[in-house]
Amino acid sequence: MNVIGGKWTFMIIRELFYGPKRFGEFQKILNGISPRTLSIRLKELEEEKIINRTIYSEIPPHVEYSLTKKGETLRPIFEAMKEWGNAWDVLAEEK
C-alpha cells in the first residue's frame with residue numbers, strides 16, 4: 001500500500017495498463033491533478049521501479065512513461081479490486 005496507496009497513484013498505474021503515456025496525456029486523463037503532484041507521483045513510481053521513464057531526444061524532446069515488469073505484476077491486484085467493486089455494486093443494486 002505504500003507504493004500504490006497515494007492519491008492519484010492508483011489511477012496513474014491503471015492508465016499505464018493501457019499503454020505508455022506522456023505527461024500531458026496524464027494531465028488530460030486525470031482531470032484535477034496538478035502538474036506538481038503528477039511529477040511527484042511519477043518520480044515516486046520510478047524510484048520504486050514500477051514505471052520506466054524514457055526520454056526521446058527529438059525536437060521538441062518528449063518523455064514517455066510505461067510500466068516495468070514489476071509494475072505489470074500489479075495487474076492481477078488491480079483486476080481483483082475491480083471484480084470486488086463490481087460484485088459489491090451488483091449486490092447494492094439488488095437491495
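Trainee: Where is K49 placed?
Mentor: This is a predicted model, to begin with. K49 is in the loop between α3 and β2.

Trainee: And what is phi of K49?
Mentor: Near 65°, which is a positive value in a residue other than glycine.

Trainee: Is K49 buried or exposed?
Mentor: K49 counts as exposed, at 57% relative accessibility.

Trainee: What about W8, where does that lie?
Mentor: W8 is in the segment before α1. Its phi is near 80°, also positive, and W8 is not a glycine. W8 is buried, with a relative accessible area of 15%.

Trainee: Moving on to α1. Which of its residues are buried?
Mentor: In α1, residues 9-16, they are T9, I12, I13, E15 and L16.

Trainee: Why are they on the same side of α1?
Mentor: Because they cover an arc of only 160° around the axis.

Trainee: Which residues touch the most other members of the largest nonpolar core?
Mentor: I12, I13, F26 and I51, out of 18 residues in that core. At least two core residues come from each of α1, α3 (35-47) and β3 (62-67).

Trainee: What does I12 touch?
Mentor: Leaving out residues up to four places away in sequence, I12 touches F26, L30, L38, R41, L42 and L45.

Trainee: Last one. Which peptide bond is cis?
Mentor: The bond from I59 to P60 is cis, with omega near -5°. P60 sits in the loop between β2 (51-56) and β3.

How values were computed:
Residues are numbered from 1 along each chain as its sequence is written. This is a predicted model: local features need pLDDT of at least 70, side-chain atom pairs count only at pLDDT 80 or more; totals for chains, interfaces and linings use all residues. Side-chain values use heavy atoms; hydrogens and water are left out. Buried means under 20% relative accessible area, exposed over 50%, partly exposed in between (1.4 Å probe, protein chains only). Helices (H or I, at least four residues) and strands (E, at least two) are DSSP runs, numbered from the N terminus. The arc is that of the directions from the helix axis to the C-beta atoms. A nonpolar core is a set of buried Ala, Val, Leu, Ile, Met, Phe, Trp, Tyr and Cys residues joined through side-chain atoms within 4.5 Å. Contact means heavy atoms within 4.5 Å.
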